[in-house]
Amino acid sequence: VTRQIHEHEQENELREQMSGYKRMRRQHQKQLIALENKLKAEMDEHRLKLQKEVETHANNSSIELEKLAKKQVAVMEKEAKAAAADEKKFQQQILAQQKKDLATFLESQKKQYKLCKEKIKEEGEMNEDHSTPKKEKQERISKHKENLQHTQAEEEAQLLSQQRLYYDKNCRSFKRKTMIKRHEMEQQNIREELNKKRTQKEMEHAMLIRHDESTRELEYRQLHTLQKLRMDLIRLQHQTELENQLEYNKRRERELHRKHFMELRQQPKNLKAMEMQIKKQFQDTCKVQTKQYKALKNHQLEVTPKSEHKTILKSLKDEQTRKLAILAEQYEQSINEMMASQALRLDEAQEAECQALRLQLQQEMELLNAYQSKIKMQTEAQHERELQKLEQRVSLRRAHLEQKIEEELAALQKERSERIKFLLERQEREIETFDMESLRMGFGNLVTLEYPKEDYR
C-alpha cells in the first residue's frame with residue numbers, strides 16, 4: 001500500500017510538472033499574440049495619424065491655393081479698374097490739353113483774321129481806284145474774307161485731325177502698355193502660383209520622408225520588442241525545462257536510491273530464506289545419512305558376530321559423527337559464501353544500475369541541451385530573416401518614395417514649363433493681334449511712343 005501511494009504521488013508530481021509546463025507554453029503563446037496585437041494596433045494608429053497629417057496638409061494646400069487664386073483675381077480686378085480709371089484720366093488729360101490747344105489756336109486765328117481784315121481794308125484804301133465800282137470793291141473784299149476763312153477752316157480741320165490722330169494713337173499705345181502690364185501681372189501670378197505649388201510639394205515631400213523615417217524607427221523598435229520578448233520567453237522555457245530535467249534526475253536518483261535501500265532492507269530476509277533453504281538441504285542430507293547409517297548398522301549387525309557389535313556400533317557412530325561434522329562445516333561455509341556472494345552481487349548490481357542511470361540522465365541532459373541549442377539557433381535565424389525582410393521592405397519603400405518624389409517634381413517642372421510656355425504664347429499672340437490691328441488702323445510702331453509729360457494718373 002505504501003509503495004502504491006508513493007508511486008501515485010510520483011505520477012501526480014510528474015503530471016503536475018507537465019501540466020505546469022504546458023500552462024507556461026500556452027501563457028507564452030498568449031503573451032506573444034497579445035504583444036503582436038498591441039504592436040499592430042500601435043502601427044495602425046501610427047499610420048492613421050500620418051494619413052491624417054497628409055490629408056490635413058493636402059487640404060491646407062488646396063485652401064492656400066484657393067486663397068491665392070482669389071487674391072490674384074481680386075488684384076487683377078482692382079488693377080483692371082485702376083487701369084480703366086487711369087485710361088479715362090489719361091484720355092481726359094489729352095482732351096483737356098487738346099481743347100486748350102484748340103482754344104489757343106482759334107484765338108490766334110481770330111486775331112490773325114482781324115489783322116488780315118484790317119490789312120485788306122488798308123490795302124483797299126491805299127489802292128483805291130475811284131473808277132472801280134463800289135460793288136466790285138465789296139465783292140473783292142468778301143472774296144478775301146472767304147479765302148481767309150476757308151484757309152482758317154482748313155487749318156482748324158487739320159488741327160482737329162492731328163489732335164484726333166494723336167488722341168487715338170496715344171490711347172492705343174496706352175492700351176498696349178496696359179495690356180503689357182496685365183501680361184506682367186499674369187506672369188507674376190502664375191510664377192507665384194507655381195512657386196507656391198513647388199513649396200507645398202517640397203513640404204509634402206519633407207513630411208513624407210519624415211513619416212517614412214518615423215515608420216522605420218517604429219518598425220525596428222517593434223521588431224526588437226517582439227524578438228526580445230520571444231528570446232526572454234525561450235530562455236524562461238529553457239530554464240524551466242532544465243529545472244524540470246534536474247528535478248527529474250533527482251527524482252530518478254531518489255527512486256533508485258530508495259530501490260537500493262529497499263533491496264538492502266530486503267536482503268536479510270532473502271538471505272534468511274536462502275539460509276533456511278540450505279539448512280533444509282542440510283537436514284535432508286542428515287536424514288538421508290541417518291537412514292543410510294541405520295541400514296548399514298543393521299547390515300553390519302547381521303553379518304558380524306554379536307561380540308563385535310559394540311565395536312561396530314561405536315565405529316559406525318564415530319563415522320556418522322565425523323560425516324555430520326563435515327556436513328555442518330560445509331553448511332556454515334555454504335552460508336558464508338552465499339552471504340558474501342549475494343552482498344557482492346547486490347553491490348555490483350546497484351553500482352551498475354547507478355552507472356546506467358547516470359549515463360542515461362547524462363544522455364538525456366545532452367539531448368535537452370542539443371534541443372535547446374537547436375531551438376535557440378532556429379530562433380536567432382528566424383530573427384535574422386525577419387530583420388533582413390524588414391530591411392528589404394524599408395529599403396524598397398524608401399526607393400519607391402524617392403522615385404515618387406522625383407516623378408512628382410519632374411511633373412511639377414513639366415507643368416511649370418508648359419503653363420509658362422502656354423501663357424507666353426497666348427500673350428505673344430495677343431500682342432501680335434493688337435499690333436496688327438493697330439497697323440490696320442494706320443498706327444505705326446507704338447512701342448517707342450512716349451506718353452505726355454504730364455502726370456495723368
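Visitor: Why is K201 called partly exposed?

Guide: In this predicted model, the relative accessible area of K201 is 21%. Buried requires under 20% and exposed over 50%, so K201 falls in between and is partly exposed.

Visitor: What makes K201 and E408 a salt bridge?

Guide: Their closest N and O atoms are 3.7 Å apart; the cut-off is 4 Å, so the pair qualifies. The bridge links distant parts of the chain, with K201 in helix α2 and E408 in helix α3, 207 residues apart.

Visitor: D435 also forms a salt bridge, with R176. Which of the two partners is buried, and why?

Guide: R176 is buried, because its 9% relative accessibility is under 20%. D435, at 25%, is partly exposed. The closest N and O atoms of this pair are 2.8 Å apart.

Visitor: Why does K40 count as exposed?

Guide: Its relative accessibility is 52%, and the label requires over 50%, so K40 counts as exposed. Its salt-bridge partner D44 has 38% and is therefore partly exposed.

Visitor: How do you know that the rings of F90 and F174 are stacked?

Guide: Their centres lie 4.9 Å apart, within the 6.5 Å limit for a pair. F90 lies in helix α1 and F174 in helix α2, so the pair ties together parts 84 residues apart in sequence.

Visitor: What makes Q109 buried?

Guide: The relative accessible area of Q109 is 5%; this is under 20%, so Q109 is buried. Its side chain makes a polar contact with the side chain of E155, at 3.4 Å.

Notes:
Residues numbered from 1 in each chain as written. Predicted model: local features only at pLDDT ≥ 70, side-chain atom pairs only at ≥ 80, totals over all residues. Heavy atoms only, no water. Buried < 20%, exposed > 50% of the residue type's maximum accessible area, 1.4 Å probe, protein only. Polar contact = N/O pair within 3.5 Å; in protein donor to acceptor, adjacent residues only side chain to side chain. Phe/Tyr/Trp six-rings, centres within 6.5 Å; stacked < 30°, edge-to-face > 60°. Helix = DSSP H or I, 4+ residues; strand = E, 2+ residues; numbered from the N terminus. Salt bridge = Lys/Arg side-chain N within 4 Å of Asp/Glu carboxyl O.
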